[in-house]
Every structure is written in C-alpha cells, then in structure tokens.
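Have the viewer open while you read.

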Amino acid sequence: MSSGTDRTDTPQRTGAPAIPSTPATLEQELAFLVRWLEATKRDQQYPLERAHYLMLLLLMSDGPQNVSRLAERLRLDASTVTRQVSVMTTRGLVCKQPNPGDRRGGMVCATALGHEEANRMRRMREEKVDAMVADWSDEKQQALVRALGNLNEGLCRMLDENKL
C-alpha cells in the first residue's frame, strides 16, 4: 500500500523544509488522512465497531450516562445511540441501570466485558500509532497531539454551530 508521501503531486517531506499550510494543502492532507484511516480499518479486525468503542471510552472515563447525554457527546441522534446500546447490551458490552434522577429513563454503563474489549481495542490501536510515530521525537508527537486536539475542538464547535 502506498503512503501519502508516494503521491506524485505532493513534495517528498522527509528532510524537506516545512510546507506552508494553506486551506488547499490542509484539506488535501485531511482527505488523504481519512482515506488512509479507512484503509487501515479495512485491513484490521478490531474487536469492536468504532461507534461501540467510542461509547465505551466515554462510559469508562465518565461513568454511567443516559442515552441523551451519550447522543449529545457523540453528536448522534438519540435513536441511533438507542440502537447501538441495544446491540451492545446483547453482546454484553453495556448494561442499563435505573436512573436515580429520572425514573422514566435508564443509565447505560460499561460491563466488565465492555471494559475488557475496549482495552483490548485500545492496545491494538496504540500499537499501530506507536509504530507510525516510532521515529518521531517526543516534541513532534506532543505537537501532533495538540494539533489533533485543536482540530477536534474546532470540528465539534462547527458541528455545534451547524457549519459543517
């Protein structure tokens, strides 16, 4: 499989001075990033669907949440999250608990199996990331983390403002 640096229309980056960021170059890099991530997903058998993995990460870090809160945080429709929770419940990844603040609704919580599968998937993904940046300095890795965090914040802000 070729990488982004194999594209004939993009200068070789190894050892080259930084390419000035313009909307066009940034858009192109993002487009290829999404493409490579899609290819990676196809080539790897992960234990969880991405949607289930992300939901489990939220539940593991912040504890039980109702469907509305999960939908809001994932920027999904509540009906979509309800369907995902149903599948995840069937697989034993999550369970529903009574909501002490609202008897009409329940709280979704990660089960021991959900924790185990999410941690297994995280390890698999971290191994891939580690391999991708193995020759990068700590500073370069930290700069990428900051830039991706800023990008995620900007995307969320635009989604919240219906600008995407």
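A quick word on burial before anything else: a residue is called buried under 20% relative accessible area, exposed over 50%, and partly exposed in between, using a 1.4 Å probe and protein chains only. Aspartate 160, at a relative accessible area of 52%, is therefore exposed.

What you have on screen is a predicted model, so local features need pLDDT of at least 70 and side-chain atom pairs count only at pLDDT 80 or more, while totals for chains, interfaces and linings use all residues. Residues are numbered from 1 along each chain as its sequence is written, and side-chain values use heavy atoms, with hydrogens and water left out.

**The overall layout**

The protein has six helices and two strands. Here, helices (H or I, at least four residues) and strands (E, at least two) are DSSP runs, numbered from the N terminus. Reading from the N terminus, the order is α-α-α-α-β-β-α-α.

Of the 164 residues, 23% are buried. The protein exposes about 11,600 Å², and carbon and sulfur atoms supply 54% of that; accessible areas come from the Shrake-Rupley method with a 1.4 Å probe, and for residues only the protein chains shown count as cover. Contact means heavy atoms within 4.5 Å. Take the contacts between residues at least 6 apart in sequence, and 51% of them join residues at least 24 apart.

**Where H2 meets H4**

Two packed helices are described by the angle between their axes and the distance between the axes. For helix H2 (residues 50-62) and helix H4 (residues 78-90), the angle is about 90° and the axes are 11 Å apart. The axes are lines fitted to C-alpha atoms, for helices over the stretch in contact, with angles running from 0 to 180 degrees between N-to-C directions. H2 and H4 are therefore roughly perpendicular to each other, on a scale where angles under 35 degrees count as roughly parallel, over 145 as roughly antiparallel, 65 to 115 as roughly perpendicular and the rest as oblique.

Which residues make the contact? On the H2 side they are Ala51, His52, Met55 and Leu56, and on the H4 side Val81, Gln84, Val85, Val87 and Met88. Sorted by type, the contact of H2 with H4 has seven nonpolar residues, two polar and no charged. In that sorting, Ala, Val, Leu, Ile, Met, Phe, Trp, Tyr, Cys and Pro are nonpolar, Asp, Glu, Lys and Arg are charged, and the others, Gly among them, are polar.

Leaving aside neighbours within four places in sequence, histidine 52 is in contact with Gln84, Val87, Met88, Arg91 and Leu93.

**Salt bridges**

Side chains of opposite charge can pair when their charged atoms come close. A salt bridge here is a side-chain nitrogen of Lys or Arg within 4 Å of a carboxyl oxygen of Asp or Glu, and the structure holds six of them.

| aspartate 160 | arginine 75 | 3.0 Å |

The bridge between aspartate 160 and arginine 75 links distant parts of the chain: aspartate 160 is in helix H6 (residues 138-160), arginine 75 is in the loop between helix H3 (67-74) and H4, and they are 85 residues apart. Arginine 75 is partly exposed, at 35% relative accessibility. Its phi is near 55°, a positive value in a residue other than glycine.

Glutamate 117 and arginine 120 both sit in helix H5 (residues 112-132), three residues apart, or about one turn of the helix. Is glutamate 117 buried or exposed? At 11% relative accessibility, glutamate 117 counts as buried, while arginine 120, at 37%, counts as partly exposed.

In the remaining row, lysine 163 is exposed at 55% relative accessibility and glutamate 161 is partly exposed at 42%.

**Two asparagines**

Asparagine 162 lies in the segment after H6 and also has a phi near 55°, a positive value in a residue other than glycine. With a relative accessible area of 70%, asparagine 162 is exposed.

Asparagine 119 is in helix H5 and is partly exposed, at 27%. Asparagine 119 and leucine 57 are 62 residues apart in sequence and 9.0 Å apart in space, C-alpha to C-alpha.
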